[in-house]
Amino acid sequence: MSKFHSFNKFVARYLFYFSPLIIITLIWIAISHPTGYVSLKTLTSTSVSNILLNILGFLTFLWVFILWYFFSVMIFSSKLRESILTKLSKVKERDEREEFIVGRAAKATFLSTMALTIFMLLLSGFNIKLVKGKQINSKKHISISYEFGLLEKNIKKPAENKLEEILFSSSDYSLSKSSLLLFILFWHLISFHIFSYKLKREN
Amino acid sequence: MGSLRSKFLIENKIHVYRAIKKVTQKDLALAIGVTRATVVALEKGNYNPSLDLAFRIARYFEVDINEIFKVKGEKNE
């Protein structure tokens with residue numbers, strides 16, 4: 001188990017120290033290949049810059065692959081989570097008072113994130129539309145619908161009514177999956193630090 | 001936001017014994033294994049220590065635990 005943990009620590013160091021190189025590679029590829037694709041001609045070319053690009057591209061591929069491995073291991077390994085995520089999220093537990101504060105802040109954060117998730121779950125299913133009929137003298141009206149599906153492809157979109165013009169639809173402003181997860185992650189992190197800061201000031 | 005204070009009003013004489021022994025908050029914190037912020041919170045009466053920490057403080061000052069900590073009553077909440 002300790003060998004597994006030390007291997008993961010080595011992986012964490014590799015990911016951290018290689019990240020500037022990966023960023024540079026990605027910027028270089030974005031500038032030199034605006035289409036986002038590296039052609040086979042470039043890959044087989046023997047010029048110095050292309051050989052370097054090949055090596056960096058391979059390293060980037062390896063880095064991303066290891067990143068997936070690392071974060072999937074982190075889900076199951078409590079020891080790794082404790083050693084990496086406490087450092088990343090700047091959780092300080094140097095004595096019993098700080099442990100107490102972290103505990104209280106964690107509870108407050110858990111509840112606030114839960115409240116936010118419930119609110120977002122409700123919001124995600126509802127679609128509010130402001131609709132106007134295409135005929136002359138037709139009035140505007142609001143329609144509310146509820147859609148829920150376990151998979152994105154299972155959600156049936158309501159059939160478009162050709163006699164109506166949609167002036168506003170709340171689904172047009174829904175966040176993407178990645179930005180939603182990022183938002184929840186930031187909410188979780190920021191609310192934890194706000195709660196612990198408040199508790200530290202009070203006590 | 002909940003407070004860390006307990007239901008008891010506990011008074012302590014940490015600052016008195018610290019003055020007698022002529023040690024700084026930082027030195028005391030180092031000796032009993034806590035941060036300086038915790039010593040500040042203890043002296044202000046904002047934080048009641050665990051039994052373990054209370055004994056560590058008493059042992060550091062070489063006095064009985066009752067000499068430093070005293071229950072003054074219960075809080076009305």
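**Close-up views of the predicted model**

**View 1. Confidence along chain B of the predicted model.** Within chain B, helix α2 (residues 25-32) of chain B has the highest confidence, at 96, while strand β2 (residues 69-74) of chain B has the lowest, at a mean of 86. Averaged over chain B, the pLDDT is 88, and 90% of the residues score at least 70. For the model, which is predicted, the scores are ipTM 0.81 and pTM 0.76.

**View 2. The open antiparallel sheet of chain A, built from 3 strands.** The strands of chain A follow the order β2-β1-β3, and their pairing is antiparallel. Because β2 (140-146) and β3 (164-169) of chain A each have a single partner strand and stand at the edges, one side of each is left without a neighbour in the sheet. Direction ignored, neighbouring strands of this sheet are turned by 35° against each other on average. In general, the strands of a sheet pair through backbone hydrogen bonds, in either a parallel or an antiparallel manner.

**View 3. Strand β1 of chain A, its pairing with β2(A), and the helix that lies across both strands.** Strand β1 (residues 126-133) of chain A runs antiparallel to β2(A), to which it is joined by 7 bridges. Helix α5 (residues 96-125) of chain A lies across β1 and β2 of chain A, and it runs at about 30° to β1(A).

**View 4. The largest pocket, with about 1,000 Å³ of space.** Its lining comprises 30 residues, and those that lie nearest the centre of the pocket are A:Met120, A:Ser124, A:Gly125, A:Ser174 and A:Leu180. At least two residues of the lining are supplied by each of α5, β1 and α6 (177-202) of chain A, and α5(A) gives the largest share, with 8 residues. Sorted by class, the lining of the largest pocket holds 17 nonpolar, 9 polar and 4 charged residues.

**View 5. The second largest pocket, with a volume of about 720 Å³.** Here 19 residues form the lining, and A:Leu85, A:Ser89, A:Val91, A:His188 and A:Leu189 are those that lie nearest the centre of the second largest pocket. The elements of chain A that give two or more residues to this lining are α4 (78-88), α5 and α6. By class, the lining of the second largest pocket consists of 11 nonpolar, 5 polar and 3 charged residues.

Terms used. Residues are numbered from 1 along each chain as its sequence is written. Chains are lettered from A and ligands numbered from 1 in the order in which they are written. This is a predicted model: local features need pLDDT of at least 70, side-chain atom pairs count only at pLDDT 80 or more; totals for chains, interfaces and linings use all residues. Side-chain values use heavy atoms; hydrogens and water are left out. Two strands pair if DSSP finds at least two bridges between them. Helices (H or I, at least four residues) and strands (E, at least two) are DSSP runs, numbered from the N terminus. Axes are lines fitted to C-alpha atoms, for helices over the stretch in contact, and angles run from 0 to 180 degrees between N-to-C directions. Contact means heavy atoms within 4.5 Å. On a 1 Å grid over the protein atoms alone, a cavity is a set of points where a 1.4 Å probe fits but cannot get out, and a pocket is an open set with protein on both sides within 12 Å along at least five of seven lines; lining residues have an atom within 4 Å of a point. Grid points are joined across faces, edges and corners, and a volume is the space filled by probe spheres set on the points. Ala, Val, Leu, Ile, Met, Phe, Trp, Tyr, Cys and Pro count as nonpolar, Asp, Glu, Lys and Arg as charged, and the others, Gly among them, as polar. pLDDT is the predictor's confidence in each residue, from 0 to 100.
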